[in-house]
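The structure comes first, and my notes follow.

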Amino acid sequence: MKSLMKKMMLTAALVASPLMASADAHGDDLTYILVSHAPDSDTWWNTIKNGIALAGDQVGVSVEYRNPPTGDIADMARIIEQAAASSPDGIITTLADFDVLQGPITAAVDQGIDVIIMNTGTPEQAREVGALMYVGQPEYDAGFAAGQRAAGEGVTKFLCVNHAIQQPTVGERCRGYADGLGIELGDAMMDSGTDPAEIKNKVLAYLSANPDVDGILTLGPVSADPTIAALQENGMAGDIHFGTFDLGEEIVKGIKDGTINWGIDQQPFLQAYMPVVILANWDRYGVLPGNNINSGPGFVTKDGLAKVEEFAGEFR
């Protein structure tokens with residue numbers, strides 16, 4: 001843990017060198033609110049919470065995490081409005097649905113609140129709503145890279161298990177994957193919902209009806225964990241190519257035992273940690289990175305699991 005803390009402090013120092021030494025001298029009582037689209041049931045976001053908490057402690061600012069309990073985007077829009085009404089020094093937010101969220105985000109910017117878009121959305125959308133910058137993984141590009149890799153590993157027909165069909169940017173992962181494979185997406189993207197039992201049954205039914213499917217892509221632990229259970233039940237674990245976005249305890253176990261070929265790590269810790277550090281530097285010293293920050297994609301295989309296992313669900 002001490003080693004990790006040193007690395008994180010070095011990262012912060014690289015963004016703006018005087019921050020750690022002079023944090024108490026400028027910009028006291030800074031408050032930042034991170035608003036995500038994640039439902040309470042999605043434990044993947046615990047890493048996000050840890051990221052803003054550690055950054056807040058290190059740079060001496062107050063941070064708060066807010067989200068719609070069920071993942072409802074309209075509810076998220078209201079949360080952004082409520083966050084802006086409290087007049088924080090900055091808002092860090094996902095942009096899961098541009099059409100729904102552009103209004104409240106733009107209104108916050110017009111109010112004079114600095115905004116950084118993280119995790120979902122695009123650098124172009126971040127500019128359009130007036131945000132300072134974007135920190136995250138380009139979803140289509142990550143999906144395309146995954147598709148190219150899967151094609152090289154022999155996948156010819158696939159199922160993409162989408163547990164967040166209501167969030168258009170997440171679906172870009174499936175579209176990019178299909179393009180990377182060089183095949184039509186068609187009906188290969190499944191609206192799985194978020195209930196684990198329902199996801200497992202839908203995957204089992206799809207594979208039974210489409211025995212020529214030789215590859216599966218899941219979009220995070222919510223869909224990956226029940227898919228692992230489905231493959232264990234029908235005896236296909238380790239025999240069908242399985243790639244997934246994001247990491248989690250069961251995903252790490254799946255990579256380790258050969259059920260999953262690889263996980264795509266978008267480094268959510270950095271998606272939360274970096275915006276807090278950047279906003280603090282901006283408020284205190286008026287310095288800002290000149291480019292958006294791509295936190296991923298990076299492929300995690302069995303060979304690179306040591307550090308991931310150590311910090312899975314906490315910082316990875």
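**Entry 1: a loop glycine**

I looked up Gly130 and found it in the loop between helix H6 (123–128) and strand S5 (133–136), where helices (H or I, at least four residues) and strands (E, at least two) are DSSP runs, numbered from the N terminus. I keep in mind that this is a predicted model, in which local features need pLDDT of at least 70 and side-chain atom pairs count only at pLDDT 80 or more, while totals for chains, interfaces and linings use all residues. Residues are numbered from 1 along each chain as its sequence is written, and side-chain values use heavy atoms, with hydrogens and water left out.

Gly130 has a relative accessible area of 39% and is therefore partly exposed; on this scale buried means under 20% relative accessible area, exposed over 50%, and partly exposed in between (1.4 Å probe, protein chains only). I also checked Gly130 against Leu185: they are 55 residues apart in sequence, and their C-alpha atoms are 33 Å apart in space.

**Entry 2: the disulfide**

I then searched for disulfides, taking as one any pair of cysteine sulfur atoms within 2.5 Å, and the count came to one. The bond joins Cys160 to Cys174, with an S to S distance of 2.0 Å. Cys160 sits in strand S6 (residues 158–162) and Cys174 in helix H8, 14 residues apart, and the pair links distant parts of the chain. The torsion about the S-S bond of Cys160 and Cys174 is about -65°, so I noted the disulfide as left-handed. Both Cys160 and Cys174 are buried.

**Entry 3: salt bridges**

How many salt bridges does a search of the whole structure find? I got 14, a salt bridge being a side-chain nitrogen of Lys or Arg within 4 Å of a carboxyl oxygen of Asp or Glu.

I took Arg173 and Glu139 as one of the pairs to examine, and their side chains meet in a salt bridge at 2.9 Å, N to O. Arg173 lies in helix H8 (residues 168–181) and Glu139 in helix H7 (residues 139–152), so this pair ties together parts that are 34 residues apart in sequence. Arg173 and Glu139 are both buried.

Asp75 and Arg78 also form a salt bridge through their side chains (3.9 Å, N to O). They are three residues apart in helix H4 (residues 73–85), and therefore separated by about one helical turn. Asp75 is partly exposed at 21% relative accessible area, and Arg78 is partly exposed at 42%.

For Lys253 and Glu250, I found a salt bridge whose closest N and O atoms are 3.5 Å apart. Both residues belong to helix H11 (residues 249–257), again with a spacing of three residues, about one turn of the helix. Lys253 is partly exposed, with a relative accessible area of 43%, as is Glu250, with 34%.

**Entry 4: Glu309 and its contacts**

Last, I placed Glu309 in helix H13 (residues 305–311), and its relative accessibility of 36% counts as partly exposed. Which residues does Glu309 touch, not counting residues up to four places away in sequence? With contact taken as heavy atoms within 4.5 Å, Glu309 touches Val252 and Lys256. Glu309 and Val252 are 57 residues apart in sequence, yet 6.8 Å apart in space, C-alpha to C-alpha.
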